[in-house]
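Please read the briefing below alongside the sequence and the 3D structure.

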Amino acid sequence: MRVALGLIRPLVAKTTLVGDPGDLVSRLPGTAPYAWIRHGEGLVAWGEAARVTVPPGPDRFEWARDWLSATFGEADVEDEVRVPGSGPVAFGSFTFDPASPGSVLVVPRAVLARRDGLAWLTTIGEELLDPVLPLDDPGRIRYGDGSLTAPEWEHAVARAVGLIRSGRLQKAVLARDLTAVAERPIDVRLLLSRLAERFPECYTFSCAGLVGATPELLVRHTGEMIESLVLAGTAPRGTDAADDLARGAALFASEKDRQEHICAVESVREALSPLCSELKVPEEPELLVLPNVQHLASPVTGRLAAGASVLDVVAAMHPTAAVGGTPTATALEVIRELEGMDRAGYAGPVGWIDARGDGEWGIALRCAQITGSRARLFAGCGIMGGSNPASELAEAQAKLRVMQYALEG
């Protein structure tokens with residue numbers, strides 16, 4: 001497949017070691033920041049050395065891989081660090097539905113990173129001196145219904161339960177959106193700072209206005225090794241330690257949640273098995289406890305059979321049953337039929353990739369699309385035959401509170 005670059009000249013990238021930058025988010029200038037942070041480590045970036053809108057369609061990941069291969073292949077790179085994330089890096093966000101427009105790849109002009117005791121700066125072109133301005137508070141936030149009101153969304157859940165019980169499918173993941181309007185333009189850096197501090201176990205991300213803190217790692221690609229964290233099955237946090245333990249035990253014992261988790265794990269196993277010479281999938285899930293909810297979690301590891309790019313793995317895995325359903329094709333039909341909205345980047349792959357094909361990509365959950373003073377918040381729930389619409393609505397509201405906290409503080 002031939003891809004037109006649209007670049008005037010090849011990229012010239014230089015990566016050098018730097019001293020510990022401290023809080024990465026605090027080093028971001030105010031315009032269009034990019035980020036991928038967990039436990040204070042990762043990458044932040046700004047500026048645009050190259051940008052492309054990926055055409056929608058079933059071959060969009062292949063198109064993106066070819067564009068990146070051409071862009072990075074022609075680059076003049078001086079990299080004294082040579083670790084995953086050094087050298088030129090592209091941040092990307094792909095829409096959930098392959099037919100939806102809006103997928104984007106951006107190669108920033110500057111990337112500041114810290115990982116495993118190392119810190120480095122990559123610049124493309126001239127040295128950047130963008131000023132770091134104080135964080136801006138968006139002021140009062142007003143919320144409104146998205147595509148469906150709460151009762152309408154409960155009705156959609158009930159319809160999905162009926163379709164599952166009829167045998168049309170095993171699981172469907174239904175998403176809900178919420179609109180927010182602020183008094184002043186929303187400073188993405190403020191959201192990133194609040195999310196990274198409040199949810200350090202999650203991957204706090206920013207790409208092309210899509211901002212969030214996802215607990216779900218779709219894939220980490222390092223050399224031939226890949227890792228994935230499968231999440232499916234959710235319970236709220238307790239009111240105290242004893243209640244917390246009881247809710248976690250009930251989640252483990254829940255037939256509905258365990259079956260939902262099995263569906264998600266099997267979809268990942270089926271996607272990765274053809275790509276891997278080795279694949280390790282745990283027999284039992286573990287409990288991932290976050291500040292707002294608890295999840296059933298299964299860490300999956302593997303070794304690629306051939307030197308594939310992280311985007312090849314992303315293409316094989318998306319959408320997992322954790323964000324789509326089972327079987328995939330039928331679940332996507334039900335989602336389009338019942339949700340009444342375009343998910344845009346919500347539940348799509350988001351992350352970064354370097355010139356070696358290494359990278360980290362998550363599923364864009366607990367997120368919002370920011371445009372000026374407006375935000376569109378998203379949350380979703382796995383619907384099974386035993387799902388209760390009121391309980392699913394409460395779960396969605398708990399997940400929406402992540403971005404409400406980011407907006408309000």
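Which residue in E23 does Val181 stand opposite? Val181 stands opposite Arg374 in E23. The model is predicted, so local features need pLDDT of at least 70 and side-chain atom pairs count only at pLDDT 80 or more, while totals for chains, interfaces and linings use all residues. Residues are numbered from 1 along each chain as its sequence is written, and side-chain values use heavy atoms, with hydrogens and water left out.

- Helices (H or I, at least four residues) and strands (E, at least two) are DSSP runs, numbered from the N terminus.
- Two strands pair if DSSP finds at least two bridges between them.
- Buried means under 20% relative accessible area, exposed means over 50%, and partly exposed lies in between (1.4 Å probe, protein chains only).
- E11 pairs with strand E23 (residues 374-383) in the antiparallel sense over 10 bridges.
- Strand E10 (residues 141-145) also pairs with E11 in the antiparallel sense, over five bridges; here Tyr143 stands opposite Ala180.
- Strand E19 (residues 325-326) pairs with E11 in the antiparallel sense over two bridges, and Ala172 stands opposite Gly325.

**Nonpolar core**

- A nonpolar core is a set of buried Ala, Val, Leu, Ile, Met, Phe, Trp, Tyr and Cys residues joined through side-chain atoms within 4.5 Å.
- The largest nonpolar core has 132 residues, of which Phe91, Leu105, Trp361 and Leu377 touch the most other members.
- In soluble globular proteins, nonpolar side chains tend to be buried together.
- Contact means heavy atoms within 4.5 Å; leaving aside residues up to four places away in sequence, Leu377 touches residues including Tyr143, Arg176, Asp177, Leu178 and Ala180.

**Helix H5**

- Helix H5 (residues 255-272) has 18 residues, which at 1.5 Å a residue should span 26 Å; its end C-alpha atoms are 26 Å apart, which agrees.
- The expected span is 1.5 Å times one less than the number of residues in the helix.
- Buried residues of H5 include Lys256, Asp257, Glu260, His261, Cys263 and Ala264.
- Val265, Ser267, Val268, Ala271 and Leu272 are also among the buried residues of H5.

**Rings and charges**

- Rings of Phe, Tyr and Trp (its six-membered ring) pair if their centres lie within 6.5 Å; planes under 30 degrees apart count as stacked, over 60 as edge-to-face and the rest as tilted.
- The structure holds five aromatic pairs.
- The ring centres of Tyr34 and Phe91 are 5.7 Å apart and the planes are at 40°, so this pair is tilted.
- Tyr34 lies in strand E2 (residues 34-38) and Phe91 in strand E6 (residues 89-93), so the pair ties together parts that are 57 residues apart in sequence.
- Tyr34 is buried, with a relative accessible area of 2%, and Phe91 is buried, with a value of 1%.
- One aromatic cluster is formed by Phe61, Phe94 and Trp361.
- A charge sits over a ring if NZ of Lys or CZ of Arg is within 6 Å of the ring centre and within 35 degrees of the ring normal.
- The charged end of Arg343 sits over the ring of Phe96, 4.2 Å from its centre.
- Arg198 lies over the face of Tyr405, at 5.4 Å from the ring centre.

**Backbone geometry**

- Most residues other than glycine have a negative phi, and most peptide bonds are trans.
- His318 and Pro319 are joined by a cis peptide bond with omega about -5°; Pro319 is in the loop between helix H6 (310-317) and E19.
- The peptide bond from Thr326 to Pro327 is cis as well, with omega near -15°, and Pro327 is in the loop between E19 and helix H7 (328-338).
- Asp116, which is not a glycine, has a positive phi of about 55°; Asp116 is exposed, with a relative accessible area of 68%.
- Ala347 has a positive phi near 70° and counts as buried at 1% relative accessibility.
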